[in-house]
Amino acid sequence: MTAHDQPPLPAVGALMLDARRDRVGEVMDVICGRVLLRDPAGGREWEAFPCDLTPATASDALRARVADVNDQAARSRL
């Protein structure tokens, strides 16, 4: 694979869909060709390859937000 075949690296702060994990994450950093993502609501970062990422749609972002709200509600019932 040449440099021209590689997907562009996303900008820090961009919301991306990690297709491998089916998760939406905010780009925290790009190091050595790997992208560090974090759930928009917070939590631990994870690494992804740029080839597994696409810009998150409004639907993707909403799905992530609903999952976070549901998770918070479930924790508050404990």
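Predicted model: local features only at pLDDT ≥ 70, side-chain atom pairs only at ≥ 80, totals over all residues.

User: What is the secondary structure of the chain, and how do the elements run from the N terminus on?

Analyst: The chain has 1 helix and 5 strands. Their order from the N terminus is β-β-β-β-β-α. The C-alpha trace spans about 50 × 25 × 20 Å along its principal axes. Of the 78 residues, 23% count as buried.

User: What share of the contacts with a separation of 6 or more comes from residues 24 or more positions apart?

Analyst: Such residues account for 35% of those contacts.

User: Now the strands. Which pairs involve strand 1?

Analyst: Strand 1 covers residues 15-18 and pairs with strand 2 in the antiparallel sense, over 4 bridges.

User: How many residues lie between strand 1 and strand 2 in their hairpin?

Analyst: The hairpin has 4 residues between the two strands. Look at D22 in the turn, with its positive phi of about 55°. D22 has this phi although it is not a glycine. D22 is partly exposed, because its relative accessible area is 46%.

User: How do strand 3 and strand 4 pair, and over how many bridges?

Analyst: Strand 3, residues 34-38, pairs with strand 4 in the antiparallel sense over 4 bridges. L37 has W46 in strand 4 as its bridge partner. These strands form a hairpin too, with 6 residues between them. In this turn, G42 has a positive phi of about 110°.

User: How do I read the two faces of a strand?

Analyst: Start with the general idea. In a regular strand, side chains alternate between the two faces of the sheet. Now apply that to strand 4, residues 45-48.

User: Which residues of strand 4 are on the covered face, and which on the uncovered one?

Analyst: W46 and A48 make up the covered face. E45 and E47 make up the uncovered one.

User: And how do I read a nonpolar core?

Analyst: In soluble globular proteins, nonpolar side chains tend to be buried together. Here the largest nonpolar core has 7 residues: M16, V27, V35, L37, W46, A48 and L53. Strand 3 and strand 4 are the elements that give two or more residues to this core.

User: Which residues is A48 in contact with, leaving aside neighbours within four places in sequence?

Analyst: A48 is in contact with D18, R21, R34, V35, L37 and L53. V35, L37 and L53 belong to the core as well.

User: What about aromatic rings? How many aromatic pairs does a search of the whole structure find?

Analyst: A pair of aromatic rings is described by the distance of the centres and the angle of the planes. The search of the whole structure finds 0 such pairs. W46 has a charged residue over its ring, though. R23 lies over the face of W46, 3.8 Å from the ring centre.

User: Where does M28 lie, and what does M28 touch?

Analyst: M28 is in strand 2, residues 23-31. Not counting residues up to four places away in sequence, M28 touches V12, L36, L37, R38 and E45. M28 and A14 are 14 residues apart in sequence, and their C-alpha atoms are 8.5 Å apart in space. M28 is partly exposed, with a relative accessible area of 29%.

User: Is D60 in the helix buried or exposed?

Analyst: D60 lies in helix 1, residues 58-76. D60 counts as buried because its relative accessibility is 12%. The cut-off for buried is under 20%. Beyond its neighbours within four places in sequence, D60 is in contact with L17, V24 and P55.

User: Where is C32, and are C32 and C51 buried or exposed?

Analyst: C32 is in the loop between strand 2 and strand 3. C32 has a positive phi of about 50°, although it is not a glycine. At 79% relative accessibility, C32 counts as exposed. C51 is exposed as well, at 59%.

Notes: Residues numbered from 1 in each chain as written. Heavy atoms only, no water. Phe/Tyr/Trp six-rings, centres within 6.5 Å; stacked < 30°, edge-to-face > 60°. Lys NZ or Arg CZ within 6 Å of the ring centre and 35° of its normal. Buried < 20%, exposed > 50% of the residue type's maximum accessible area, 1.4 Å probe, protein only. Contact = heavy atoms within 4.5 Å. Pairing = 2+ DSSP bridges. Core = buried A, V, L, I, M, F, W, Y, C linked by side-chain atoms within 4.5 Å.
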